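I opened my notebook to record what I looked up in this model, entry by entry.

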Amino acid sequence: MREALVEVVDLVKTFGGLVATDEVSLTLHQGEIHAVIGPNGAGKTTLISQLSGRLKPSGGKILISGRDVTHLPVAARSRMGLARSFQITSLFFDFTALDNVAIAVQASRGHSFRFWQDVTTDEAIYGPARQFLSRLGLEARAQVPAGDLSYGEQRQLELAMALATKPRVLLLDEPMAGMGHDESAKIIALLREIKNDYAILLVEHDMKAVFALADRITVLVNGAVLASGPPESIRGNPEVRRAYLGETTPKEGGVR
Amino acid sequence: MTFFLEQLLNGVQLGLLLFLLAAGLTLVFGIMDLVNLAHGSLYMVGAYLAASLTVMLKSFVLGVIAALAGTALLGIALEMLALRRLYPRDHLDHVLGTFGLILFFNEAVRLIWGAAGMTLAVPPYLNGLVEVLPGVAYPIYRLAIIIAGVLVALFLYVLVQHTRVGMLIRAGASNREMIGALGVNINRLYTIVFSVGAALAALAGIMAAPILTVQIGMGENILILAFVVIVIGGIGSVRGALVAALLIGLIDTMGRAYLPDLLRLIFTARAASVTGPALSSMMIYLVMAAFLIVRPEGLFPVPSARR
Amino acid sequence: MTLNRRLIATALLLVGLGLIPIIAKSIGYLFLLTLFTRIVILAIAAVSLDLILGFGGMISFGHAVFLGIGGYAVGIAAHHGYYSALVQWPIGLAASALFGLITGALCLRTRGVYFIMITLAFSQLVYFLSVGIDSYGSDDGLTIYKRSTMGGLIDLGNKTTFYYVCYASLLLCLFLAWRIVRSPFGRVIQAARSNENRLQVLGIATDRYRLVAYVIASTMCGLAGILLANHTDFISPALIHWTRSGDLMIMVVLGGMGTLFGPVAGTIALLVLEEVLSTITEHWMIVLGPLLLLMALFKRGGLSALLGGRKA
């Protein structure tokens, strides 16, 4: 097995007396989609926020390519190749869709202490920006302000921006939430197509999508890892079935 | 020693005055999320009302009570007519709108009372000196300010900690959506809080009036001191406002009293007399800067108030 | 395109400003030149404020402090007998930049309403400093007996010449601002206004960019202060009073934040409105105050936003 791109070791996060992350360990490898599932309040988003640097862990370590990043701020981790999409859509709502992706492209091209160059006509930025936008099928909506896009389109734009930063690691917090069937099918196909180039952490409630995509699944309950392994073992795990999956397990979910 | 004790009392007195102003400001911000620059105008209006009503009613106590009630009513009117519509707007709109109100109130006061300024006469029984410690005489009026300030602080403590309105205030300061969910008439709560804040500002203005003078714009510089207080104390926290107000009151008073002398020890007399007054008036801002470096969220941060 | 229309409007406005001395002379109303010199200078300050307020979303309520620093640099230098613009102006600009750097670094540790109050407090600090120092006139201010000298090349004492120096400075600042706004740096500043967290997730450490923008705006406003001191031949703490910062803010919002047309148009509108109102009544502020309140309530979205604006 290739070396882990991201390694989480015994991560702990407490809010007052509440333990939101309870000694979680997991790894992300390039070319692999690692899904994290669990009931509401299991600590999935809290985990992603600690990985991205938004929240400071109370204990444990986070390593990217073997380097300890536990105490690095958000922007620094992002420059190491970490990209995140948000569960609650987070965009530059008064920018057009294209400008949203353009600023992401700009961010991936080193610092922006450039005061004199005219970015609005810069093909080095807008060329790739249009590419990423059309990859998510949004090219016709390029000039629409992000705030005026439909919810599904905004989720797609989120993903386009995450990709535009040229990351190595993608943290996807419910990328398909609120999407219609066709839209999520499109995202599933896209993720499958691109996954070789990235290490992907996927938090998702849509079990059909999870079992269709994931190479590995970690089940979180009350902040702790209940089980972790390939999809087949998770689906067969009686504890997981009892704690979480229950009757919601799609019968044909694992069919590829 | 006598001088030190005097300055100490003066510092406490300024601190309590600032607290009265800052308490209303911090509550209004904590609960309604409103940046109210016109708070200083209520301080000014309170002082003007007291100055004329004590004469009209021929009684200091009645005049003060009437002035407090008058300012509270003005606060209610202001809240219902104008400020209520500002709550949902962003902070920039708050600043612009209430800055406009300052201009309006300054000019309105000039129209009603004239540009000359007024004095608030202290009744005979509050005039003179009292011996607070053997050999230490202190003006009765200033002592009365301290006592009134302590009483109001206690009143606010009981109000905020032990009443239903106080419970709502605390809930509102840390989670604005929650009070709506509790099925409370939010508009009425807002109006009540605002009028209490207005009355507190007026009380501060009235108490300061005999020491300073009643004049147009009198509320503006002290308003900024009150801002410093709530920044240090933590926005939305009444307890923070009290601690920070006393701190600022003491530092400012002590700085002005002792800094020039201290500087004389280090610099030449001429250099000290140049830098002394300037530096002592800057002191509190330097303290604020220091707090910003160490605790940018204030002494007693109210979690959600920081955005 | 609205953008082109705005470009045309800005160009017309600037051409109009360029003709002011000629108009003033031809109608024999020289006060117009004095008024518009003031307008052009304050427009520079408003443009600088708009860079951080309109484009950057940083609500600075202490921007007039930089008018004061630029102004006092000229005044203090002149007081000590240094009249050359080569001495005065670099000092004024450097002092503004330095003060912007130090206070900006502190202020930008905070957000939202804290930022408003702290920028305000720092301007008060300088205000009290200027009140407290007797050597430089304290409350009474400092008269400047001789305007900045420019090696005999340009005579700032000539009203028309001085106007065009100010006008050229405004054009320069507008051009700089225009370049900055369209640059990668400007993009970051505007994106940080829109959604700072998202920008950090994209790998951009927003604080540094904001600080640099703050310093640029400070320096630009320092230039306005330098010109203003030369215009009035006098400086006093009133230059720094916080209501001045409020005035600058009004100019920007009145004209339209986040545009370059806005601060220029807003400055003209506010100062002309003041002049007109003050000829009608000496209590003109009783009209201006409620106008500001109405502006705050109605400027965006108008009546419909007002009706739909009630919370929960």
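How many bridges join β9(A) to strand β10 (residues 224-229) of chain A? I found five bridges between them, and the two strands run antiparallel. I noted that strands here are DSSP runs of E with at least two residues, helices are runs of H or I with at least four residues, and both are numbered from the N terminus. Two strands pair if DSSP finds at least two bridges between them.

**Entry: what I am looking at.** This is a predicted model, in which local features need pLDDT of at least 70 and side-chain atom pairs count only at pLDDT 80 or more, while totals for chains, interfaces and linings use all residues. Residues are numbered from 1 along each chain as its sequence is written, and chains are lettered from A and ligands numbered from 1 in the order in which they are written.

**Entry: chain A as a whole.** I listed nine helices and ten strands in chain A. The radius of gyration of chain A, taken over C-alpha atoms, is 18 Å, close to the 18 Å that the globule rule (2.2 Å times the number of residues to the power 0.38) gives for 256 residues, so chain A is as compact as a globular protein of that length. The C-alpha trace of chain A spans about 60 × 40 × 35 Å along its principal axes.

**Entry: the sheet.** I followed an open sheet of six strands in chain A, with the order β6-β7-β8-β3-β9-β10 and mixed pairing. Its edge strands are β6 (82-85) and β10 of chain A, each of which pairs on one side only. Five bridges join β7 (residues 169-173) of chain A to β8 (residues 199-203) of chain A, and these strands run parallel; A:Leu170 has A:Ile200 in β8(A) as its bridge partner. Strand β3 (residues 32-37) of chain A is joined to β9 (residues 216-221) of chain A by four bridges, again in parallel, and A:Ile37 stands opposite A:Val219 in β9(A).

**Entry: two helices.** The axes of α3 (residues 97-108) and α5 (residues 151-164) of chain A come within 8 Å and cross at roughly 20°. Axes are lines fitted to C-alpha atoms, for helices over the stretch in contact, and angles run from 0 to 180 degrees between N-to-C directions. That crossing angle makes α3(A) roughly parallel to α5(A), a label for angles under 35 degrees, whereas those over 145 count as roughly antiparallel, 65 to 115 as roughly perpendicular and the rest as oblique. Residues in contact have C-beta atoms, placed from the backbone, within 7 Å; among those making this contact are A:Val101 and A:Ala104 of α3(A) and A:Leu157 and A:Met161 of α5(A).

**Entry: between chains.** Which chains share the most contacts? Of the two pairs of chains in contact, it is chains B and C, with 43 residues taken from chain B and 45 residues from chain C. On the side of chain B that touches chain C, α4(B) gives the most, with 16 residues. No contact joins chain A and chain B, whose closest C-alpha atoms lie 13 Å apart.
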